[in-house]
Structure formats: C-alpha cells, structure tokens
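Welcome! Have a look at the structure below, and then let us walk through it together, one topic at a time.

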Amino acid sequence: MKALMNQTDDQRLWVMQQTWSKLLFAHWPIPATVLRPLIPAALNIDTFEGRAWIGVVPFLMSGVRFRGLPPIPTTQQFCELNVRTYVYPTGGKAGVWFFSLDAASWLAVRGARTAFHLPYYDAAMHLQTEGQKVGYRSSRTHRGATPAEFDAQYQPTGSVYQSQPGSLDHWLTERYRLYAVGRQGRIYRGDIVHDPWPLQPARAEVFANSMTQAVGIALPDEAPLLHYAEKINVKAYYLKAV
C-alpha cells in the first residue's frame with residue numbers, strides 16, 4: 001500500500017530519488033513555546049495532544065540521482081543527521097521543519113543549501129554495523145557553524161510494523177512535506193513520496209548529543225521515544241512557494 005502523499009496536489013514529476021538506510025528516529029517532547037522563537041511566524045507549530053516534539057534522526061543516504069541522469073558523483077553513499085520538528089502553514093498540510101541537516105558530502109551540502117534553502121552543514125561522520133547494531137558518530141566541521149556532535153549505538157528490538165493513523169508513531173514519522181525559508185523570507189514547501197515506514201521498536205545508547213543545543217534547545221531529562229527503519233526508497237520534488 002502506497003502512502004497517501006504518493007498522490008500530490010499537482011501533476012509535477014518527481015526530480016530526485018534516494019535511499020535512506022539504518023535510520024533512527026529519536027524524539028523528545030518539548031514545549032511549543034521553546035520552539036516558537038526559532039520558527040518563522042508564517043508557520044504554526046504542529047502538536048500531538050498538546051505537545052510539540054523534536055527529533056534527532058541519523059541515517060545513511062545512498063543512491064542519490066536526478067530523474068533521467070546517472071548517479072551524482074561523490075554522493076553514492078554518505079551519512080546524514082537531521083534535527084527536526086513539525087509545522088504547518090495556516091490552511092496547509094503539516095510537514096517537517098529542519099533546524100539542521102549535517103552531512104558527510106561536500107557536494108550535497110552545497111547543493112541542498114542552494115536548491116532547497118535547507119540548513120545543511122559539513123560534518124565528519126562514520127557509520128559501522130555489527131549484526132543489527134549500528135554505531136554512528138558525527139562531528140560538525142562546517143566553517144563558522146556552531147559545533148555539534150552525536151555519538152550513539154542503536155538497534156531494532158522487535159518486528160517490523162506500520163504505524164496506524166491517529167497514533168503518535170504515525171504522527172511523528174509519516175511526514176511527506178518539508179518547509180523551508182528562502183533568503184528573502186519566503187516560505188517554500190517540498191514534497192516527497194515513499195511507502196509507509198517499515199518501523200521497528202528500538203533501543204539506543206547515546207554517548208554524546210549536542211545537536212539540539214547547537215540551535216539553543218535543551219532536551220528534557222527523559223529517555224527519547226525511539227523507532228528504527230532499515231531501509232526506504234524516496235522520490236523528491238522541487239520546492240514550491242507556499
């Protein structure tokens with residue numbers, strides 16, 4: 001069964017495809033009042049049962065290519081690490097707002113900053129696996145950027161399942177739109193399509209995590225809600241002004 005966003009609200013063709021693997025969703029509840037000063041006024045903060053959430057999402061990116069073109073040099077496989085929350089424009093669909101996206105690809109960082117108005121940063125990153133266990137390390141190296149580090153081991157702990165509409169799992173993960181702001185303050189949206197997430201429960205041991213602190217957000221003193229996904233294929237569309 002395809003996700004609902006596989007039918008977009010216009011007839012544009014997708015322009016890029018990529019694969020995300022070894023992905024961890026780590027989410028913490030956070031007061032919306034903490035996030036409000038960090039997000040453009042044109043976007044509302046999305047909440048679930050009155051609470052906003054912030055996510056730290058490490059994964060492996062591969063197979064990046066534009067429609068009808070061969071794979072992009074130097075982007076065949078690299079680590080990426082996102083810090084995100086959830087927003088919506090008044091009268092519009094809910095989506096993802098990225099506070100930061102760290103990547104171990106110089107070309108991907110420059111391309112995404114230019115074409116998609118996203119706050120990508122250079123980082124030294126490493127992923128290794130031992131059975132189902134994933135070791136993931138990232139240290140931001142982007143010139144002039146606030147330092148940010150992540151070091152963790154994580155793994156799935158149960159069977160694959162698809163989240164149910166109305167559940168928190170579904171609300172956190174089944175997101176098929178991002179929002180970004182251009183240089184002149186204009187809000188853009190970008191859509192993606194993929195099958196529903198093949199989620200698994202997960203556990204993680206986090207040795208270092210200053211990803212949210214880099215944008216001025218302190219995490220609550222509680223364990224995150226964790227989900228793992230082994231692999232998903234994604235198609236993306238160019239940005240469109242809201």
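Leaving aside its neighbours within four places in sequence, which residues is Ser21 in contact with? The contacts of Ser21 are Phe59, Leu60, Ala229, Glu230 and Lys231. Please keep in mind that this is a predicted model.

Ser21 is part of strand E1. Is Ser21 buried or exposed? Its relative accessibility is 11%, so Ser21 counts as buried, the cut-off being under 20%.

Now for the inside of the model. The largest nonpolar core holds 36 residues, and those with the most contacts inside it are Trp20, Leu23, Leu118, Tyr120 and Trp197. Several elements each supply at least two residues of this core: strands E1 (16–30), E3 (52–66), E4 (77–89), E5 (95–103), E9 (177–181) and E12 (225–236), together with helices H2 (106–116) and H3 (168–173). Which of them gives the largest share? That is E3, with five residues.

Not counting residues up to four places away in sequence, Leu23 touches Val57, Pro58, Phe59, Tyr154, Trp197, His227, Tyr228 and Ala229. There is also a second, separate core of 35 residues, and Ile30, Ile45, Ile54 and Met125 are included in it.

Between the C-alpha atoms of Val64 and Phe78 the separation is 9.9 Å, with the two residues 14 apart along the chain.

## Aromatic rings that meet

How many aromatic pairs does the structure hold? There are eight. One of them joins Trp20 and Trp197, which are stacked, at 6.1 Å centre to centre and 25 degrees between the planes. This pair links distant parts of the chain: Trp20 sits in strand E1, while Trp197 is in the loop between strand E10 (187–193) and strand E11 (199–209), 177 residues apart. Both of these tryptophans are buried.

Trp197 has a further ring partner, Phe25. Here the arrangement is edge-to-face, with 5.1 Å from centre to centre and 85 degrees between the planes. Because Phe25 lies in strand E1 and Trp197 in the loop between E10 and E11, the pair ties together parts that are 172 residues apart in sequence. Phe25 is buried at a relative accessible area of 0%, and Trp197 counts as buried at 3%. Ring pairs link Trp20, Phe25, Phe59 and Trp197 into a cluster.

## Charges over rings

Two other tryptophans are worth a look too. Arg175 lies over the face of Trp171, 4.5 Å from the ring centre. Over the face of Trp14 lies Lys235, at 5.2 Å from the ring centre.

## Strands side by side

Let us turn to the strand pairing around E6. Strand E6 (residues 120–130) pairs with E5 in the parallel sense, over three bridges. Which residue in E6 is the bridge partner of Asp102? It is Tyr121.

E6 also runs antiparallel to strand E7 (residues 133–140), and eight bridges join these two strands. In this pairing, Glu130 stands opposite Lys133 of E7. E6 and E7 form a hairpin with two residues between them, and Gly131 in the turn has a positive phi of about 65 degrees.

Our last stop is helix H2. Which of its residues are buried? They are Ala108, Val109, Ala112 and Phe116. These residues cover an arc of only 100 degrees around the axis, so they are on the same side of H2. Among the elements that cover the buried residues of H2 are E4, E5, E6 and E9.

On the face of H2 turned away from its buried side, you will find the exposed residues Trp106 and Thr114. Just after H2 comes His117, which takes a positive phi of about 55 degrees.

Note on methods:
Residues are numbered from 1 along each chain as its sequence is written. This is a predicted model: local features need pLDDT of at least 70, side-chain atom pairs count only at pLDDT 80 or more; totals for chains, interfaces and linings use all residues. Side-chain values use heavy atoms; hydrogens and water are left out. A nonpolar core is a set of buried Ala, Val, Leu, Ile, Met, Phe, Trp, Tyr and Cys residues joined through side-chain atoms within 4.5 Å. Buried means under 20% relative accessible area, exposed over 50%, partly exposed in between (1.4 Å probe, protein chains only). Helices (H or I, at least four residues) and strands (E, at least two) are DSSP runs, numbered from the N terminus. Contact means heavy atoms within 4.5 Å. Two strands pair if DSSP finds at least two bridges between them. Rings of Phe, Tyr and Trp (its six-membered ring) pair if their centres lie within 6.5 Å; planes under 30 degrees apart count as stacked, over 60 as edge-to-face and the rest as tilted. A charge sits over a ring if NZ of Lys or CZ of Arg is within 6 Å of the ring centre and within 35 degrees of the ring normal. The arc is that of the directions from the helix axis to the C-beta atoms.
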